[in-house]
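Subject: Structure handed over, with notes

Dear colleague,

Please find below the structure that I said I would pass on to you. My notes on it come after the display, and I would be glad if you could read them with the model open.

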Amino acid sequence: MGSCLHQHDCEEYECAGDWSLYKNIDITGVTALNETVEGSAKSVFKPWEQRSDLSTVLASNDDDAELIVFIPFTTDVKIKSICVVGGVDGHSPSKMRAFLNRDDIDFSQANDLTPVQEWELAENIRGELEYPTKYAKFQGVASLTLHFPSNFGADATHVHYIGLRGEATQMKRDAIANTVYEAMPNPSEHKYTKLFTCLI
Amino acid sequence: MVLEATMVCMDNSEWMRNGDYSPTRFQAQADAINLICGAKTQSNPENTVGVLTMAGKGPRVLITPTNDLGKILQALHGLEVGGEMRMTSGVQVAQLALKHRQNKHQRQRIVLFAGSPVLADKAVLEGMGKKLKKNNVALDIVSFGEDDGEKVEKLEALLNAVNNGDNSHIVHIPGGERVLSDVLISSSIFTGDGEGGSGFAAAAAASAAAAAVGGGGGAYDFGVDPNLDPELALALRVSMEEERARQEAAMKRSAEDSTAKGQQAGESSSAPDVAMSDVGLVDTTDKSKDMMIDDDTALLQQAIAMSMAQAAQAAAAAGGGPATTDTSMEESGGDDQDLAYALQMSMQQAAAAASAAQGSADVNQVLGDQSFVSSVLSSLPGVDPNDPNVRDVLASLQTDEGKNDDQATKDKSK
């Protein structure tokens, strides 16, 4: 499964522009299954320059190396390649399986269904490795689900950065993201923080 | 205001026939489930709740997650109790039902009512908990009913396996004193939702207690939120104080009476009780004898004396008298279980006596009828009308009512 090093020195050539698909991710809709800290999945989508920053981590629960990350996009995108920076000492994921445009993937489904594509990953601390996709299949992607079934021998899997390279089209799939209508008044949502005096 | 889909796992096994939660364990559970459904849908109108039963032939989903309270109430209607609870498969079916929820943005939660003993191993439960955590499902456990010693430990282990950042809770509700729903309202299962949850809890307490006088509402004195309805709260407080004053006066009066009777043996004091119960056509002889075995017999005798004085008043007043004194007694009876029970029982007898009437029969008159009482007593096993203790009791009864005529007849019949 192809992994290629950059043919140039990254400091001279601006790679950052290529890896800007993270701006098209609907960050509030990013969820993960089997993460230790709720919401930590959102932190691994950041600019290319910060890919080696190990302070942000998506960690799986102890004794369980599996992770599923669900990534919805604000527009339909075309994904050319994916870069994953894993943890040290065997905490890096060793395999990756991708599903497209499905929001109901949990662990039983992930193991039953055939992914659109799967890759064998290598330990990639500095983020130099990128894994190209079968581009024809990755057109018109509204949501991407990544399943990491195993790692390099540690108890838990750590992911520090997930980078996506590709193009964003202007087409949106869903007009309304997530709206809650106030069908009945709920006092806890309308707390006054300041006193007001009324003149009689 | 968390957007959540909840599946409630209900225990309808044979263990639920027990009556240590009023009225039966099963009914208490159904009430609690209604409350939970209401709370969830009120805190966020897009929340959905579903119900499944775990016992019987197997786990059965009564209603898939919906935000329509009416459908949920309908599904809870006409359920039958029987079989054994299968906890693990019940939770797995709940997980499956949640997986197929319509709105994938909703968080997943299971509320488990564990009333019967837990048969599964601790290891199996922990494995189940880990699987729930892995799939981002929170679990609330309501442990009540049977406790075979291991149950608490197993459920705590399950909770620790599921808990992820304090999203799962457990509540242990021992039987007897309190109503299941009331304890739940004040527990973290409701307030764990955050501010929205506790807002509902207060409202639910107010509305539930308004329906049952003095019953629910853990937070407020009279079950009515003074903020919501100040005039009603004030009126209730004033009437409560008036009733207390009246009862204290009555207690004082009967305390003087009971010093005369207080020296008698327990058996003899059961005689007037028995006599009254026969007059009232209510068979509570067994209960009264059980009460006599209680430790604080003096308190009970005082209660009975007071209740007899009350019964006299009630019989004289007839009509709405017993009804009002009933409710007032229930309110003040919260302090002492035995006292409340004695009062209740005597009110039943008094009400029955008043209604089963010899018209507006005065209980005193009936008691004063020496021949009737002695015939009743002689028909009872173990009571000898010529027993000096019994005669003493009858004598004191007559002197209380101040009927010198009966005294004379009693002297004649000696």
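The notes that follow cover the conventions, chain B as a whole, and then some of its parts.

This is a predicted model, in which local features need pLDDT of at least 70 and side-chain atom pairs count only at pLDDT 80 or more, while totals for chains, interfaces and linings use all residues. Residues are numbered from 1 along each chain as its sequence is written, chains are lettered from A and ligands numbered from 1 in the order in which they are written, and side-chain values use heavy atoms, with hydrogens and water left out.

Chain B contains 18 helices and six strands (DSSP runs numbered from the N terminus, helices being H or I with at least four residues and strands E with at least two). Of its 414 residues, 47% are buried, where buried means under 20% relative accessible area with a 1.4 Å probe, protein chains only. If one takes the contacts in chain B (heavy atoms within 4.5 Å) between residues at least 6 apart in sequence, 70% of them join residues at least 24 apart.

The structure holds four aromatic pairs over all chains (rings of Phe, Tyr and Trp, the last by its six-membered ring, with centres within 6.5 Å; planes under 30 degrees apart are stacked, over 60 edge-to-face, and the rest tilted). One of them joins B:Y21 and B:F144 edge-to-face, at 5.7 Å centre to centre and 85° between the planes; because B:Y21 lies in the loop between β1 and α1 and B:F144 in strand β5, this pair ties together parts that are 123 residues apart in sequence. B:F113 and B:F144 also form an edge-to-face pair, with 6.3 Å between centres and 80° between planes, and ring pairs link B:Y21, B:F113 and B:F144 into a cluster. B:F113 is buried at a relative accessible area of 0%, and B:F144 is buried at 2%.

B:E4, in strand β1 (residues 4-10) of chain B, is buried as well, with a relative accessible area of 8%. Its side chain makes a polar contact with that of B:R109 at 2.7 Å (N or O atoms within 3.5 Å, where within protein one must be able to donate a hydrogen and the other to accept it, and residues adjacent in sequence count only if both atoms are side-chain atoms).

Methods:
Buried < 20%, exposed > 50% of the residue type's maximum accessible area, 1.4 Å probe, protein only.
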